[in-house]
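Subject: Structure handover

Hello,

Here is the structure I said I would pass on. Please keep it open while you read the notes below.

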Amino acid sequence: MDSDSKQNNSGTVRVWADGCYDMVHFGHANSLRQAKSLGDYLIVGVHTDEEIANHKGPPVYTEQERYKIVRAIKWVDEVVEGAPYVTTIETLDKYNCDFSIHGDDITTTSEGVDTYHIVKKAGKYREVSRTQGISTTDLVGRMLLMTKQHHTYLGSSESYLPGFDCNVTNFSQNPLPYTRVTNLLSTSQRITQFSDGKEPKPGDKVVYTAGAFDLFHVGHIDFLEKASQMGDFLIVGLLIDHVVNRYKGGNYPIMNLQERVLNVLACKYVSEVVIGAPYCVTAELLDHFKVNVVVHGSTTILPDENGADPYMEAKKRGIFQSIDSGNDTHTDTIIRRIINNRIEYEKRNKRKEIKLA
Ligand code: CTP
Ligand code: C5P
(Lines give C-alpha, C1' and ligand atoms only; values in the text may rest on other atoms or scores of the structure.)
(Ligands and ions follow the chains in the order given, each with its own letter.)
Protein backbone atom coordinates (compact mmCIF):
# COMPACT_ATOMS: atom_id res chain seq x y z
CA MET A 1 0.00 0.00 0.00
CA ASP A 2 1.62 3.22 -1.15
CA SER A 3 -0.68 4.98 1.19
CA ASP A 4 -1.09 8.64 1.92
CA SER A 5 -2.25 7.81 5.43
CA LYS A 6 0.28 10.06 7.20
CA GLN A 7 -1.12 10.95 10.58
CA ASN A 8 -2.17 14.54 10.67
CA ASN A 9 -1.12 15.38 14.23
CA SER A 10 1.08 18.30 15.14
CA GLY A 11 4.42 16.52 15.41
CA THR A 12 6.50 14.30 13.25
CA VAL A 13 5.01 10.89 12.47
CA ARG A 14 7.44 8.24 13.68
CA VAL A 15 7.00 4.81 12.14
CA TRP A 16 8.20 1.54 13.68
CA ALA A 17 9.02 -1.51 11.53
CA ASP A 18 10.54 -4.70 12.86
CA GLY A 19 11.65 -8.07 11.59
CA CYS A 20 14.46 -10.55 11.06
CA TYR A 21 15.77 -8.99 7.82
CA ASP A 22 17.76 -12.12 7.09
CA MET A 23 19.61 -12.22 3.75
CA VAL A 24 18.35 -8.67 3.36
CA HIS A 25 16.79 -8.18 -0.09
CA PHE A 26 14.77 -5.63 -2.04
CA GLY A 27 11.51 -7.12 -0.67
CA HIS A 28 12.58 -5.96 2.78
CA ALA A 29 13.71 -2.64 1.33
CA ASN A 30 10.38 -2.18 -0.42
CA SER A 31 8.47 -2.72 2.82
CA LEU A 32 10.67 -0.05 4.44
CA ARG A 33 10.12 2.29 1.50
CA GLN A 34 6.37 1.97 2.00
CA ALA A 35 6.77 2.34 5.77
CA LYS A 36 8.69 5.59 5.33
CA SER A 37 5.96 6.94 3.06
CA LEU A 38 3.47 6.55 5.94
CA GLY A 39 5.37 8.98 8.15
CA ASP A 40 8.39 11.23 8.50
CA TYR A 41 10.91 9.20 10.48
CA LEU A 42 11.46 5.43 10.22
CA ILE A 43 12.89 3.31 13.03
CA VAL A 44 13.62 -0.34 12.26
CA GLY A 45 13.88 -2.92 15.05
CA VAL A 46 15.99 -5.92 14.10
CA HIS A 47 15.80 -9.18 16.08
CA THR A 48 18.84 -10.96 17.53
CA ASP A 49 20.11 -14.28 16.20
CA GLU A 50 18.91 -15.96 19.39
CA GLU A 51 15.32 -14.67 19.04
CA ILE A 52 15.16 -15.75 15.40
CA ALA A 53 16.63 -19.19 16.15
CA ASN A 54 13.99 -19.68 18.87
CA HIS A 55 11.01 -18.68 16.75
CA LYS A 56 11.92 -19.44 13.15
CA GLY A 57 15.20 -21.37 12.90
CA PRO A 58 18.77 -20.09 12.51
CA PRO A 59 19.33 -16.95 10.44
CA VAL A 60 21.91 -17.02 7.62
CA TYR A 61 23.31 -13.55 8.34
CA THR A 62 24.56 -12.68 11.82
CA GLU A 63 22.84 -9.94 13.79
CA GLN A 64 25.80 -7.60 13.29
CA GLU A 65 25.54 -8.12 9.52
CA ARG A 66 21.77 -7.61 9.52
CA TYR A 67 22.06 -4.40 11.61
CA LYS A 68 24.64 -2.99 9.20
CA ILE A 69 22.73 -3.85 6.01
CA VAL A 70 19.39 -2.49 7.29
CA ARG A 71 21.19 0.72 8.32
CA ALA A 72 22.41 1.10 4.74
CA ILE A 73 18.87 1.04 3.26
CA LYS A 74 18.08 4.56 2.11
CA TRP A 75 14.65 4.89 3.74
CA VAL A 76 15.90 3.90 7.21
CA ASP A 77 16.55 6.71 9.71
CA GLU A 78 17.50 4.59 12.71
CA VAL A 79 18.07 0.94 13.65
CA VAL A 80 17.22 -0.56 17.05
CA GLU A 81 19.39 -3.58 17.66
CA GLY A 82 17.88 -6.62 19.39
CA ALA A 83 14.22 -5.60 19.10
CA PRO A 84 11.79 -8.07 20.77
CA TYR A 85 10.04 -10.61 18.53
CA VAL A 86 6.56 -9.62 19.70
CA THR A 87 5.88 -5.92 19.13
CA THR A 88 4.56 -4.21 22.27
CA ILE A 89 3.15 -0.80 23.17
CA GLU A 90 6.14 -0.36 25.52
CA THR A 91 8.48 -0.66 22.54
CA LEU A 92 6.49 1.88 20.50
CA ASP A 93 6.42 4.25 23.49
CA LYS A 94 10.12 3.79 24.22
CA TYR A 95 10.98 4.98 20.71
CA ASN A 96 8.14 7.47 20.56
CA CYS A 97 6.58 5.75 17.55
CA ASP A 98 2.98 6.29 16.43
CA PHE A 99 2.43 2.84 14.97
CA SER A 100 4.09 -0.34 13.76
CA ILE A 101 4.05 -1.69 10.22
CA HIS A 102 4.45 -5.15 8.69
CA GLY A 103 3.86 -6.78 5.31
CA ASP A 104 0.47 -8.37 4.64
CA ASP A 105 1.59 -11.87 5.62
CA ILE A 106 1.14 -13.22 9.12
CA THR A 107 4.20 -13.61 11.34
CA THR A 108 3.91 -15.87 14.35
CA THR A 109 5.97 -16.85 17.37
CA SER A 110 7.13 -20.46 17.87
CA GLU A 111 3.80 -21.01 19.69
CA GLY A 112 1.80 -19.77 16.69
CA VAL A 113 0.82 -16.40 18.23
CA ASP A 114 0.53 -13.38 15.88
CA THR A 115 3.55 -11.20 16.74
CA TYR A 116 1.46 -8.05 16.15
CA HIS A 117 -1.62 -9.02 18.21
CA ILE A 118 -0.93 -6.34 20.86
CA VAL A 119 -0.40 -3.40 18.51
CA LYS A 120 -3.31 -4.53 16.32
CA LYS A 121 -5.63 -4.49 19.35
CA ALA A 122 -4.40 -1.02 20.30
CA GLY A 123 -5.05 0.31 16.77
CA LYS A 124 -1.33 0.97 16.32
CA TYR A 125 -0.73 -1.31 13.36
CA ARG A 126 -0.55 -0.57 9.62
CA GLU A 127 0.01 -2.98 6.80
CA VAL A 128 2.18 -2.56 3.71
CA SER A 129 2.12 -4.77 0.61
CA ARG A 130 4.52 -7.68 0.67
CA THR A 131 6.69 -7.77 -2.44
CA GLN A 132 5.86 -10.82 -4.52
CA GLY A 133 8.53 -13.05 -5.99
CA ILE A 134 11.26 -12.67 -3.39
CA SER A 135 11.92 -14.10 0.06
CA THR A 136 14.78 -15.38 2.15
CA THR A 137 13.16 -18.82 1.92
CA ASP A 138 13.29 -18.60 -1.87
CA LEU A 139 16.96 -17.54 -1.90
CA VAL A 140 17.93 -20.38 0.42
CA GLY A 141 15.96 -22.67 -1.92
CA ARG A 142 17.98 -21.56 -4.95
CA MET A 143 21.16 -22.52 -3.15
CA LEU A 144 19.87 -25.86 -1.88
CA LEU A 145 18.39 -26.83 -5.25
CA MET A 146 21.33 -25.55 -7.31
CA THR A 147 18.78 -24.34 -9.84
CA LYS A 148 19.38 -21.76 -12.56
CA GLN A 149 15.65 -21.25 -12.97
CA HIS A 150 15.93 -17.69 -11.68
CA HIS A 151 18.28 -16.59 -14.48
CA THR A 152 16.53 -14.40 -16.96
CA TYR A 153 18.20 -15.75 -20.08
CA LEU A 154 17.88 -19.53 -19.70
CA GLY A 155 15.43 -21.91 -21.34
CA SER A 156 13.94 -24.73 -19.25
CA SER A 157 16.40 -27.37 -20.48
CA GLU A 158 19.26 -25.55 -18.76
CA SER A 159 17.34 -24.64 -15.63
CA TYR A 160 18.92 -27.22 -13.35
CA LEU A 161 22.54 -28.10 -12.97
CA PRO A 162 23.73 -31.63 -13.84
CA GLY A 163 22.45 -34.17 -11.33
CA PHE A 164 18.96 -32.68 -11.14
CA ASP A 165 16.01 -33.63 -13.29
CA CYS A 166 15.53 -30.59 -15.49
CA ASN A 167 12.09 -31.75 -16.62
CA VAL A 168 10.72 -31.15 -13.16
CA THR A 169 8.09 -28.47 -13.46
CA ASN A 170 5.72 -29.67 -10.79
CA PHE A 171 6.97 -28.82 -7.32
CA SER A 172 5.46 -32.01 -5.92
CA GLN A 173 8.03 -33.92 -8.05
CA ASN A 174 10.82 -31.62 -7.03
CA PRO A 175 13.91 -33.16 -5.35
CA LEU A 176 13.16 -30.90 -2.34
CA PRO A 177 9.38 -30.53 -2.49
CA TYR A 178 9.22 -27.83 0.18
CA THR A 179 11.73 -25.62 -1.56
CA ARG A 180 10.62 -23.56 -4.52
CA VAL A 181 11.93 -20.79 -6.70
CA THR A 182 9.72 -17.92 -7.71
CA ASN A 183 10.29 -15.21 -10.24
CA LEU A 184 10.20 -11.48 -9.86
CA LEU A 185 8.16 -9.49 -12.33
CA SER A 186 10.28 -6.38 -12.52
CA THR A 187 8.57 -3.18 -13.58
CA SER A 188 9.76 0.28 -14.50
CA GLN A 189 7.54 1.63 -11.71
CA ARG A 190 9.50 -0.32 -9.10
CA ILE A 191 12.80 0.94 -10.48
CA THR A 192 11.47 4.50 -10.37
CA GLN A 193 10.33 4.06 -6.76
CA PHE A 194 13.79 2.84 -5.78
CA SER A 195 15.90 5.34 -7.67
CA ASP A 196 16.87 8.84 -6.56
CA GLY A 197 16.20 10.25 -10.03
CA LYS A 198 19.09 12.68 -9.63
CA GLU A 199 21.96 13.52 -11.92
CA PRO A 200 25.42 14.59 -10.84
CA LYS A 201 25.59 18.32 -10.08
CA PRO A 202 28.13 20.47 -11.98
CA GLY A 203 31.53 19.87 -10.44
CA ASP A 204 30.54 16.59 -8.75
CA LYS A 205 33.23 13.93 -8.74
CA VAL A 206 31.71 10.85 -10.42
CA VAL A 207 32.83 7.42 -9.17
CA TYR A 208 32.17 4.26 -11.18
CA THR A 209 32.37 0.63 -10.13
CA ALA A 210 31.06 -2.58 -11.68
CA GLY A 211 30.45 -6.10 -10.46
CA ALA A 212 27.95 -8.84 -9.76
CA PHE A 213 26.76 -7.63 -6.33
CA ASP A 214 25.09 -11.00 -5.92
CA LEU A 215 23.26 -11.72 -2.62
CA PHE A 216 23.86 -8.16 -1.49
CA HIS A 217 25.92 -8.70 1.68
CA VAL A 218 28.01 -6.78 4.24
CA GLY A 219 31.14 -7.04 2.10
CA HIS A 220 29.31 -5.08 -0.61
CA ILE A 221 28.00 -2.55 1.90
CA ASP A 222 31.47 -1.85 3.31
CA PHE A 223 32.87 -1.61 -0.20
CA LEU A 224 30.15 0.75 -1.47
CA GLU A 225 30.45 2.98 1.60
CA LYS A 226 34.17 3.42 0.88
CA ALA A 227 33.55 3.81 -2.86
CA SER A 228 31.00 6.58 -2.19
CA GLN A 229 33.58 8.42 -0.08
CA MET A 230 35.84 8.64 -3.15
CA GLY A 231 33.56 11.23 -4.73
CA ASP A 232 30.09 12.80 -4.81
CA PHE A 233 28.09 10.55 -7.15
CA LEU A 234 28.50 6.77 -7.18
CA ILE A 235 27.41 4.81 -10.26
CA VAL A 236 27.30 1.02 -9.97
CA GLY A 237 27.39 -1.10 -13.12
CA LEU A 238 25.57 -4.42 -12.71
CA LEU A 239 26.90 -7.23 -14.92
CA ILE A 240 24.35 -9.41 -16.72
CA ASP A 241 23.65 -12.94 -15.42
CA HIS A 242 25.35 -14.60 -18.36
CA VAL A 243 28.62 -12.71 -17.77
CA VAL A 244 28.61 -13.48 -14.03
CA ASN A 245 27.90 -17.13 -14.79
CA ARG A 246 30.79 -17.23 -17.27
CA TYR A 247 33.36 -16.47 -14.61
CA LYS A 248 31.65 -17.87 -11.50
CA GLY A 249 30.07 -21.05 -12.97
CA GLY A 250 27.51 -23.21 -11.10
CA ASN A 251 24.15 -21.52 -10.65
CA TYR A 252 25.68 -18.09 -10.06
CA PRO A 253 24.43 -15.45 -9.82
CA ILE A 254 21.95 -16.55 -7.14
CA MET A 255 20.00 -13.34 -7.75
CA ASN A 256 19.25 -12.32 -11.32
CA LEU A 257 20.05 -8.94 -12.85
CA GLN A 258 16.66 -7.37 -12.12
CA GLU A 259 16.85 -8.42 -8.49
CA ARG A 260 20.45 -7.24 -8.09
CA VAL A 261 19.51 -3.87 -9.59
CA LEU A 262 16.85 -3.30 -6.93
CA ASN A 263 19.13 -4.43 -4.08
CA VAL A 264 21.85 -1.99 -5.10
CA LEU A 265 19.40 0.87 -5.78
CA ALA A 266 18.05 0.53 -2.23
CA CYS A 267 21.51 1.24 -0.81
CA LYS A 268 22.01 4.78 0.45
CA TYR A 269 25.60 4.99 -0.80
CA VAL A 270 24.55 4.48 -4.43
CA SER A 271 23.38 7.31 -6.70
CA GLU A 272 22.68 5.43 -9.93
CA VAL A 273 22.99 1.98 -11.52
CA VAL A 274 23.77 0.79 -15.02
CA ILE A 275 21.47 -2.17 -15.79
CA GLY A 276 23.67 -4.66 -17.62
CA ALA A 277 27.05 -2.92 -17.65
CA PRO A 278 29.83 -4.11 -19.95
CA TYR A 279 32.48 -6.24 -18.23
CA CYS A 280 35.18 -4.10 -19.76
CA VAL A 281 35.02 -0.47 -18.61
CA THR A 282 35.16 1.15 -22.02
CA ALA A 283 36.18 4.64 -23.12
CA GLU A 284 32.57 5.22 -24.29
CA LEU A 285 31.21 4.42 -20.83
CA LEU A 286 33.76 6.66 -19.07
CA ASP A 287 33.01 9.55 -21.44
CA HIS A 288 29.24 9.07 -21.35
CA PHE A 289 29.03 9.23 -17.55
CA LYS A 290 31.93 11.73 -17.22
CA VAL A 291 33.61 9.35 -14.78
CA ASN A 292 36.41 10.82 -12.66
CA VAL A 293 37.45 7.70 -10.82
CA VAL A 294 36.95 3.94 -11.34
CA VAL A 295 37.20 1.71 -8.29
CA HIS A 296 37.42 -2.02 -7.58
CA GLY A 297 37.66 -3.85 -4.26
CA SER A 298 40.36 -6.25 -3.13
CA THR A 299 38.91 -9.26 -5.00
CA THR A 300 40.86 -10.64 -7.96
CA ILE A 301 40.25 -8.87 -11.25
CA LEU A 302 39.54 -11.57 -13.83
CA PRO A 303 40.38 -10.88 -17.48
CA ASP A 304 37.65 -10.37 -20.06
CA GLU A 305 36.75 -13.19 -22.50
CA ASN A 306 39.47 -12.03 -24.88
CA GLY A 307 42.06 -11.96 -22.08
CA ALA A 308 42.03 -8.15 -21.73
CA ASP A 309 42.22 -6.30 -18.41
CA PRO A 310 38.69 -4.83 -17.92
CA TYR A 311 40.23 -1.72 -16.35
CA MET A 312 42.83 -1.12 -19.08
CA GLU A 313 41.23 2.15 -20.27
CA ALA A 314 40.76 3.52 -16.72
CA LYS A 315 44.39 2.66 -15.89
CA LYS A 316 45.57 4.32 -19.12
CA ARG A 317 43.73 7.49 -18.05
CA GLY A 318 45.23 7.26 -14.54
CA ILE A 319 41.79 7.17 -12.89
CA PHE A 320 41.75 3.59 -11.57
CA GLN A 321 41.90 2.97 -7.81
CA SER A 322 41.74 -0.13 -5.62
CA ILE A 323 39.75 -0.04 -2.40
CA ASP A 324 40.13 -2.32 0.60
CA SER A 325 36.66 -2.86 2.06
CA GLY A 326 38.26 -4.40 5.16
CA ASN A 327 35.61 -7.10 4.95
CA ASP A 328 36.23 -10.64 3.72
CA THR A 329 32.60 -11.69 3.25
CA HIS A 330 31.84 -12.93 -0.26
CA THR A 331 28.82 -14.51 -1.94
CA ASP A 332 30.55 -17.90 -1.58
CA THR A 333 30.85 -17.30 2.20
CA ILE A 334 27.06 -17.07 2.42
CA ILE A 335 26.53 -20.15 0.27
CA ARG A 336 28.98 -22.14 2.39
CA ARG A 337 26.99 -21.23 5.52
CA ILE A 338 23.86 -22.64 3.93
CA ILE A 339 25.47 -25.79 2.61
CA ASN A 340 27.20 -26.43 5.97
CA ASN A 341 23.88 -26.09 7.83
CA ARG A 342 21.78 -27.64 5.11
CA ILE A 343 19.63 -29.79 7.43
CA GLU A 344 18.74 -26.79 9.63
CA TYR A 345 17.86 -24.59 6.64
CA GLU A 346 15.84 -27.35 4.99
CA LYS A 347 13.80 -27.62 8.19
CA ARG A 348 13.37 -23.84 8.28
CA ASN A 349 12.19 -23.75 4.66
CA LYS A 350 9.80 -26.63 5.26
CA ARG A 351 8.18 -24.75 8.17
CA LYS A 352 7.82 -21.58 6.08
CA GLU A 353 6.31 -23.48 3.12
CA ILE A 354 3.76 -25.13 5.40
CA LYS A 355 2.87 -21.68 6.76
CA LEU A 356 2.44 -20.26 3.25
CA ALA A 357 0.38 -23.25 2.00
N1 CTP B 1 8.75 -8.42 3.48
C2 CTP B 1 8.11 -7.96 2.35
N3 CTP B 1 8.27 -8.60 1.16
C4 CTP B 1 9.05 -9.71 1.10
C5 CTP B 1 9.73 -10.20 2.24
C6 CTP B 1 9.56 -9.52 3.43
O7 CTP B 1 7.38 -6.95 2.40
N8 CTP B 1 9.15 -10.31 -0.06
C9 CTP B 1 8.54 -7.70 4.73
C10 CTP B 1 7.78 -8.51 5.77
O11 CTP B 1 6.40 -8.55 5.52
C12 CTP B 1 8.14 -7.74 7.03
C13 CTP B 1 9.57 -7.27 6.77
O14 CTP B 1 9.77 -7.42 5.36
O15 CTP B 1 7.31 -6.61 7.18
C16 CTP B 1 10.57 -8.06 7.55
O17 CTP B 1 10.36 -9.44 7.26
P18 CTP B 1 11.11 -10.56 8.05
O19 CTP B 1 10.86 -10.45 9.48
O20 CTP B 1 12.55 -10.56 7.65
O21 CTP B 1 10.49 -11.94 7.64
P22 CTP B 1 9.83 -12.59 6.38
O23 CTP B 1 8.53 -11.96 6.07
O24 CTP B 1 9.75 -14.03 6.72
O25 CTP B 1 10.82 -12.42 5.16
P26 CTP B 1 11.36 -13.64 4.29
O27 CTP B 1 10.21 -14.43 3.76
O28 CTP B 1 12.13 -12.94 3.22
O29 CTP B 1 12.20 -14.46 5.21
O1 C5P C 1 32.21 -9.98 -6.34
P2 C5P C 1 31.41 -8.78 -6.79
O3 C5P C 1 31.46 -8.56 -8.28
O4 C5P C 1 30.01 -8.83 -6.29
O5 C5P C 1 32.08 -7.53 -6.10
C6 C5P C 1 31.68 -6.21 -6.37
C7 C5P C 1 32.74 -5.27 -5.79
O8 C5P C 1 32.73 -5.36 -4.37
C9 C5P C 1 34.14 -5.63 -6.27
O10 C5P C 1 34.86 -4.42 -6.52
C11 C5P C 1 34.72 -6.37 -5.08
O12 C5P C 1 36.13 -6.32 -5.02
C13 C5P C 1 34.07 -5.61 -3.93
N14 C5P C 1 34.05 -6.38 -2.67
C15 C5P C 1 34.83 -5.98 -1.60
N16 C5P C 1 34.80 -6.68 -0.43
C17 C5P C 1 34.04 -7.80 -0.31
C18 C5P C 1 33.24 -8.23 -1.38
C19 C5P C 1 33.26 -7.50 -2.56
O20 C5P C 1 35.54 -4.98 -1.71
N21 C5P C 1 34.06 -8.47 0.85
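For sorting residues by class, Ala, Val, Leu, Ile, Met, Phe, Trp, Tyr, Cys and Pro count as nonpolar, Asp, Glu, Lys and Arg count as charged, and the others, Gly among them, count as polar. By that scheme the shell around ligand 2 holds three nonpolar, 12 polar and no charged residues.

Two remarks on the source. This is a predicted model, in which local features need pLDDT of at least 70 and side-chain atom pairs count only at pLDDT 80 or more, while totals for chains, interfaces and linings use all residues. Residues are numbered from 1 along each chain as its sequence is written, chains are lettered from A and ligands numbered from 1 in the order in which they are written, and side-chain values use heavy atoms, with hydrogens and water left out.

The protein as a whole

The protein has 14 helices and 10 strands; these are DSSP runs numbered from the N terminus, H or I of at least four residues for helices and E of at least two for strands. Of its 357 residues, 54% are buried, where buried means under 20% relative accessible area, exposed means over 50%, and partly exposed lies in between (1.4 Å probe, protein chains only). Contact means heavy atoms within 4.5 Å. Among contacts between residues at least 6 apart in sequence, 78% join residues at least 24 apart.

Ligand 2

Which residues come nearest to ligand 2? Of the 15 around it, they are Gly 297, Thr 299, Ser 325, Asn 327 and Thr 329; a residue is near if one of its heavy atoms lies within 4 Å. Helix 8 (residues 218-228) gives the largest share of the shell, three residues.

Polar atoms also pair up here (a polar contact is a pair of N or O atoms within 3.5 Å; within protein, one must be able to donate a hydrogen and the other to accept it, and residues adjacent in sequence count only if both atoms are side-chain atoms). A polar backbone atom of Asn 327 is 2.7 Å from a nitrogen atom of ligand 2, and a backbone N or O atom of Thr 329 also lies 2.7 Å from a nitrogen atom of ligand 2. An oxygen atom of ligand 2 lies 2.8 Å from a polar side-chain atom of His 220. Taken alone, ligand 2 exposes 460 Å², and the protein buries 91% of that (Shrake-Rupley method, 1.4 Å probe; for residues, only the protein chains shown count as cover).

His 220 lies in helix 8. His 220 counts as buried because its relative accessibility is 13%. Leaving out residues up to four places away in sequence, His 220 touches Phe 213, Asp 214, Leu 215 and Thr 331.

Helix 1

Helix 1 (residues 26-37) is mostly covered, with 10 of its 12 residues buried. Among them are Phe 26, His 28 and Arg 33.

Backbone details

Met 23 sits in the loop between strand 1 (14-19) and helix 1. Phi of Met 23 is near 45°, a positive value in a residue other than glycine. Is Met 23 buried or exposed? At 1% relative accessibility, Met 23 is buried.

Lys 290, in the loop between helix 11 (283-288) and strand 9 (293-296), also has a positive phi, near 50°. Lys 290 has a relative accessible area of 63%, so Lys 290 is exposed.

The peptide bond from Tyr 252 to Pro 253 is cis, with omega near -5°. Pro 253 belongs to the loop between helix 9 (241-248) and helix 10 (257-265).

Regards
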